[in-house]
Amino acid sequence: MTKEIYSLLTWLLLLFIVPMASSADAVFRDPQPVIIHQLPTGSGGTPISTEEPFVSRDGRFLFFNTAQDENQKDLHYAERSNEKWVYRGEIGPNINTKKEVEGNPTMDNHYTFLYVDSGIESMVRVGRFVPGTGELKDLKDFTGVPDKQVELFAQQVHGNMSVEISPSGDVIYYSRASWDLNGLSLGLIQGADIFFVTRYNRGYVYDEAKSRRIMKNINSPELDYAASISSDGLEIFFTRMSLSDMKPGKIRSRILMAKRKSVSEPFSKPVVIEAIGRDNFVEGPSITNDGRELYYHKRVGRKFRIFKVSR
């Protein structure tokens with residue numbers, strides 16, 4: 001075999017093998033529990049529940065909230081120290097309440113911090129996170145998403161149950177959900193879809209046609225919620241649950257991902273991240289800035305615990 005033919009065959013072999021390797025590397029594997037050191041004790045004498053994780057874009061902080069049996073839901077955070085997550089405390093001051101849900105934290109590159117608050121009309125609040133103290137400053141209601149809407153005749157409530165801000169802060173994804181009205185409280189959830197608003201001048205604008213086009217393969221007759229967007233905006237991760245899987249004590253859900261080639265294109269049809277599984281109660285994906293790890297929570301016994309898969 002001549003040297004020229006050998007070189008050509010080697011080049012062709014690399015041409016086919018390298019994309020195959022890249023594709024394999026894109027598969028998430030190896031689910032592992034995420035240990036947060038020095039967590040305080042909660043109900044039952046075990047550490048507080050950890051739910052709806054969000055890893056800050058710089059990888060320094062891990063935000064999360066407690067589950068329903070831990071004083072409804074409250075916001076907490078941990079900080080990376082010597083390659084370990086160490087609990088720092090509640091986000092404050094006076095953020096967490098006893099009656100309302102404070103959860104689903106997210107933050108952009110500039111420390112603009114958003115979270116869900118069931119006690120206000122928009123159900124989303126925004127402030128500025130201070131890394132040195134864990135405080136939220138300049139806190140206000142976020143008005144860039146639709147307010148809560150009550151339909152007395154239909155006995156339904158429509159509102160926002162999750163929120164995600166892109167690293168640049170230019171796009172905010174939110175889940176618009178519908179619940180049965182149970183007296184003056186929220187009853188069973190009936191539907192959820194993911195939409196987004198885009199920053200324009202000093203505010204955010206909802207373009208319905210654009211949002212429905214971009215998300216046409218994401219939203220389904222099932223519950224689609226808790227989006228997490230990659231740093232380049234080309235991958236989206238979210239939770240999907242069917243109403244038939246919401247059986248007491250046997251709730252199960254899936255975490256899906258979808259891709260696109262540019263931010264102006266619709267996302268592709270989503271696929272289940274098989275390493276996380278289909279038979280557990282899993283929610284709240286959060287992709288790290290480098291795209292190599294995906295955090296999420298899973299029910300373990302009577303509480304939620306944070307896990308991660310890697311690629």
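I started with D141, which I count as partly exposed because its relative accessibility is 38%, between the 20% and 50% cut-offs. Bear in mind that this is a predicted model.

**Salt bridges.** D141 has a partner: R125 forms a salt bridge with it, with the closest N and O atoms 3.5 Å apart. The pair links distant parts of the chain, R125 being in strand 9 and D141 in strand 10, 16 residues apart. My count for the model came to 18 salt bridges.

Next I looked at E208 and R212, whose side chains meet at 3.1 Å, N to O. Both sit in helix 2 (residues 208-214), about one turn of the helix apart. E208 is partly exposed at 44%, and R212 is partly exposed at 47%.

I also noted E274 and R278, which form a salt bridge at 2.6 Å, N to O. E274 is partly exposed at 47%, and so is R278 at 41%.

**Cores.** Which residues have the most contacts inside the largest nonpolar core? I found Y173, I194, F196, M215, I218, I236 and F267, in a core of 15 residues. Apart from this core lies another of 13 residues, including W179 and I189. I then checked I194: beyond its sequence neighbours, its contacts include M215, I218 and F238.

**Cavity.** Last, I found one cavity of 30 Å³ or more. The largest cavity has a volume of about 90 Å³. Of its 14 lining residues, P53, N104, E164, A227 and P285 are the closest to its centre. By class, the lining has seven nonpolar, five polar and two charged residues.

Methods:
Residues are numbered from 1 along each chain as its sequence is written. This is a predicted model: local features need pLDDT of at least 70, side-chain atom pairs count only at pLDDT 80 or more; totals for chains, interfaces and linings use all residues. Side-chain values use heavy atoms; hydrogens and water are left out. On a 1 Å grid over the protein atoms alone, a cavity is a set of points where a 1.4 Å probe fits but cannot get out, and a pocket is an open set with protein on both sides within 12 Å along at least five of seven lines; lining residues have an atom within 4 Å of a point. Grid points are joined across faces, edges and corners, and a volume is the space filled by probe spheres set on the points. Ala, Val, Leu, Ile, Met, Phe, Trp, Tyr, Cys and Pro count as nonpolar, Asp, Glu, Lys and Arg as charged, and the others, Gly among them, as polar. A nonpolar core is a set of buried Ala, Val, Leu, Ile, Met, Phe, Trp, Tyr and Cys residues joined through side-chain atoms within 4.5 Å. Buried means under 20% relative accessible area, exposed over 50%, partly exposed in between (1.4 Å probe, protein chains only). Contact means heavy atoms within 4.5 Å. A salt bridge is a side-chain nitrogen of Lys or Arg within 4 Å of a carboxyl oxygen of Asp or Glu. Helices (H or I, at least four residues) and strands (E, at least two) are DSSP runs, numbered from the N terminus. Lists of a residue's contacts leave out its neighbours within four places in sequence.
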